[in-house]
Amino acid sequence: MDLPRPAVPAGNEVPYLSTELETGLGPIRVRLVGVAAGRGAPAYAWLGPDETAPPATLPLVLGHRGPWRLHVDLGRAPDVLTLVGDTDDCRRTAALFAGRLRAGGIGVATVGDVLGGQAPQGCRSLPGLPAASAPDVDPPAPYVVFTPGLAGAELAGARRLATDTGGRCVPVVIGPVPAGRWSVQVSPVDGGSTRAGTAD
């Protein structure tokens, strides 16, 4: 293998990752800052070609760098995952991620036409962001909901959803939105190089 396995935080360190990845649609820049506490599974892992992913509530491979795949558990996101950039580029990347989630058996929902007709088979369509289940109601199976850019009270509600559901429902907010603590900057990525998997 050309590149050594990128570093990951040890022990109780707060995860911080900034790296560039290839997705098949083009380059992306991924930034993961912080992690939801008390949910067990690792927030992310770099996997070689034949390595099995660790247990995860909402597993997703964001992309690869050399031989290494970046596998994340969206269930460990502190609130939302933002896809930042041109709306059409974000839609294509979001549709790619939604397809990977569905292929892995994870439920996917979309708010309105957020994916511009590119939603994979089996996605549920919602009129708006769901509410967390009442404490006495069995929670739904884990799923990811893709939504267009939000502001104000709607954005605050989206940020609470992952916490209120214990990481079982995590919103992915796409389009020209401010980057969240977990974010994907969709191409074009500037010409500066980023060290693989920096964990500063």
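Hi everyone, let me start with a cysteine: C90 is buried, at a relative accessible area of 0%. Buried here means under 20% relative accessible area, exposed means over 50%, and partly exposed is in between, with a 1.4 Å probe and protein chains only. C123, in contrast, is partly exposed at 22%. The structure holds 0 disulfides, a disulfide being a pair of cysteine sulfur atoms within 2.5 Å.

A quick word on the source. This is a predicted model, where local features need pLDDT of at least 70 and side-chain atom pairs count only at pLDDT 80 or more, while totals for chains, interfaces and linings use all residues. Residues are numbered from 1 along each chain as its sequence is written, and side-chain values use heavy atoms, with hydrogens and water left out.

Which residues of the largest nonpolar core touch the most other members? They are L70, L83 and F146, out of 36 residues. Such a core is a set of buried Ala, Val, Leu, Ile, Met, Phe, Trp, Tyr and Cys residues joined through side-chain atoms within 4.5 Å. Helix 1, residues 87–103, gives the most to this core, with 5 residues. Helices are DSSP runs of H or I with at least four residues, strands are runs of E with at least two, and both are numbered from the N terminus.

Let's stay with L83. Not counting residues up to four places away in sequence, L83 touches C90, T93, A94, F97, V172, V173, I174, G175, V177 and V184; contact means heavy atoms within 4.5 Å.

Helix 1 also holds D89. D89 counts as buried because its relative accessibility is 17%. Leaving aside neighbours within four places in sequence, D89 is in contact with V186 and S187.

Another aspartate, D79, sits in the loop between strand 5 (68–73) and strand 6 (81–84). Is D79 buried or exposed? Buried, at 8%. Which side chain does the D79 side chain meet in a polar contact? That of R181, at 2.8 Å. A polar contact is a pair of N or O atoms within 3.5 Å; within protein, one must be able to donate a hydrogen and the other to accept it, and residues adjacent in sequence count only if both atoms are side-chain atoms. Beyond four places in sequence, D79 touches R159, A162, V170, P171 and R181.

Finally, L155 is in helix 2, residues 152–164, and is buried at 18%. L155 and V80 are 75 residues apart in sequence and 9.3 Å apart in space, C-alpha to C-alpha. Thanks, everyone!
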